Amino acid sequence: MTLALLGSRRGAVVAIALAIVGLALPWFVYPVLAIDIVAYALFAVAFDLLLGFTGLLSFGHALFWGGAGYVATILIAKAGAPFPLAVIAALAYAAIAALVVGAIAIRRQGIYFAMITLALAQLQYFVAFQLGDWTGGENGVQVSSRGTLFGLRLDDDKAFYYAVLVVAALGVWFVVRVVRSPFGAVLGAMRENEQRAVALGFRVDRYKLVAFVLSGTLAGLAGVLFAVGNRLSGLDGVDWHTSGKVVIMTILGGIGTVFGPLVGAGIYESLDFFVSKTPIGDKTNIVMGTIFALCVLLFRRGIVGELLAIRARPKGAPPS
Amino acid sequence: MLRIVNFAHGAMFMLGAFVAYYGAQLAGLPFYGALFVAPVVVGLFGLLIEVAFLRRLYGLDPLYGLLFTFALVLVIEDAMRIAAGALGSPYSPPPSLTGATNLGFTLFPTYRLFVIAAAIVICAVVWYVLERTPVGARIRAATEAPVLVRALGIDTQRLVSITFAVGVALAALAGVLAAPNQNVEPTMGDKIIINTFAIVVIGGLGSIGGSVITGFAIGLLQTLGAVIFPAFNDTLIFLLMIVVLLIRPSGLFGSPASAK
């Protein structure tokens, strides 16, 4: 159903609509918030590659997001590295970290997988906390200038936003390609019935590991865009609440729908921003947690997933 | 035991400590009273959550239970931050348990001795109830073959609710016991729950004995770690988890069949 949507004319319409929203966004909201939304959207799509298309719930994706953010900001701030070099180094870090974490975590499934990824992310959190000389501890790493990219001055927030938008769009396109490839089909087969995939001769663990590394690396890319966009990376980025945040965005939008996590990230970030302006202040989790609890209880397919289900249902059929 | 992974267990631990703290502040509730009041109050709250919400998620992938309880953590933590502020408040142990006791070879804080003794008693009671009483036998049967147990005329739903509430009450009791040793603050449950997950992964799920032995062993290891490498003490438990997973993926006490 979802895959059909991706290739259909309706899919193209959705993609164009999202592109228009993406292009117009910084004219409606504060540009740094727009950067946050797009970075989280890429993060959620990367995460969904694992949850929606491979069936693995990671509760430790902050490890890649925050870890890559640290690597990039530290290189820019302390070594004066140019932006592209910092991005490449951060991606290398995310990929290696994902390879190690993935290799350990795929030994177990389901809830254990979630707990192991959470624990390993927490390991990085404590290491980042202890290495205060590098990570700035509670203060984080601040970047005074984002540098340039192909002659474009990235310190202009709108210019950087559009650079982020292009990179994120490429990232999402990449995920769509992966999901629709023969490799993606094997991931789907594993998610539906792992025993059967094994019986068909697929080396399930290899596929899981590759999916984990792809997901972790893209999450790292998103984390770099976020950290450099905010000119700051701190302990928040590697904290387990961030891992939980991407879980909420993805499920709220609709797992396994590609566009759902984009919508989920957009809704989460804008709602979070507006709630933080009310008397609730920084205790936005009381609202986000309530919404997520309702989502888990009442509409587990997420916003986009439920919409697709309504469209796919034949006329007159009762809701499933 | 129930195959529910309660992410909110840390939050219940925190609520237990807050009940003790507010009980003392507002109603002059003594420490020993809090040991009874907090588990009852928080246990009833847990029962309410189970009956109103969690029950709807049984039969689905257990991950939904994890996700729902994660949402609860966010709500409860921020609710407590609004009610109590983010900063911690001290809670003092009763005068009879302050000071140190001479153990012959070393001086040890009396309160910590009391906590150790209480933990041993509680674990022994839980083990006894689950393994040696008719109720415990029913609970174990209900988790292994719920349909069969229902066919024998036992209300498994009620058993599950009660077991969940008791589990929550025990978390609250642990929160009261821990309150004098640390600040009572909304995030005090976070570290506990993540460490607990690591303990469960190391020990293997559904094995009370395994979890207790692992829990005590980790506590001991962390105390030693605090003396040997203080900077990396918090990471020790996770490193141990990695080693266990590499050598014995099903956990130290888990059977390979239950390692799903």
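**Briefing: selected features of chains A and B**

A:Arg231 sits in the loop that connects helix 11 and strand 4 of chain A. The model is a predicted one, in which local features need pLDDT of at least 70, side-chain atom pairs count only at pLDDT 80 or more, and totals for chains, interfaces and linings use all residues; side-chain values use heavy atoms, with hydrogens and water left out. Residues are numbered from 1 along each chain as its sequence is written, while chains are lettered from A and ligands numbered from 1 in the order in which they are written. Helices (H or I, at least four residues) and strands (E, at least two) are DSSP runs, numbered from the N terminus.

- A:Arg231 is not a glycine, yet its phi is positive, at about 55°.
- With a relative accessible area of 24%, A:Arg231 is partly exposed (buried means under 20% relative accessible area, exposed over 50%, partly exposed in between, with a 1.4 Å probe and protein chains only).
- A:Val258, also a residue other than glycine, has a positive phi near 60°.
- A:Val258 belongs to the loop between helix 13 (240–253) and helix 14 of chain A, and it is buried, with a relative accessible area of 1%.

**Strand 4, chain A**

- A:Ser233 is part of strand 4 (residues 232–233) of chain A and counts as buried at 5% relative accessibility.
- The side chains of A:Ser233 and A:Thr73 are joined by a polar contact of 2.7 Å (a pair of N or O atoms within 3.5 Å; within protein, one must be able to donate a hydrogen and the other to accept it, and residues adjacent in sequence count only if both atoms are side-chain atoms).
- Neighbours within four places in sequence aside, A:Ser233 is in contact (heavy atoms within 4.5 Å) with A:Gly69, A:Tyr70, A:Thr73, A:Gly140, A:Val141 and A:Ala227.

**Helices of chain A**

- Helix 3 (residues 31–54) and helix 11 (residues 204–230) of chain A pack at about 170°, their axes 9 Å apart.
- That angle makes helix 3 of chain A roughly antiparallel to helix 11 of chain A (a term for angles over 145 degrees).
- Residues making this contact include A:Phe43 and A:Phe47 of helix 3 of chain A and A:Leu218 and A:Phe226 of helix 11 of chain A.
- Helix 14 (residues 259–276) of chain A has 18 residues and should span 26 Å at 1.5 Å a residue, which agrees with the 26 Å between its end C-alpha atoms.
- Among the buried residues of helix 14 of chain A are A:Phe259, A:Tyr268, A:Glu269 and A:Asp272.
- A:Phe28, in helix 2 (residues 9–28) of chain A, counts as exposed at 69% relative accessibility.

**Chain B**

- Chain B has 10 helices and 2 strands, in the order α-α-α-β-β-α-α-α-α-α-α-α from the N terminus.
- Of its 260 residues, 44% count as buried.
- B:Asn6 lies in the segment before helix 1 (9–27) of chain B and counts as buried at 10% relative accessibility.
- The side chain of B:Asn6 makes a polar contact of 3.1 Å with the side chain of B:His9, and one of its polar atoms lies 2.8 Å from the backbone nitrogen of B:Ala8.
- Not counting residues up to four places away in sequence, B:Asn6 touches B:Thr69, B:Phe164, B:Val168 and B:Ile193.

Terms used. Axes fitted to C-alpha atoms, helices over the stretch in contact; angles between N-to-C directions. Parallel < 35°, antiparallel > 145°, perpendicular 65-115°, else oblique. Expected span 1.5 Å × (residues − 1).
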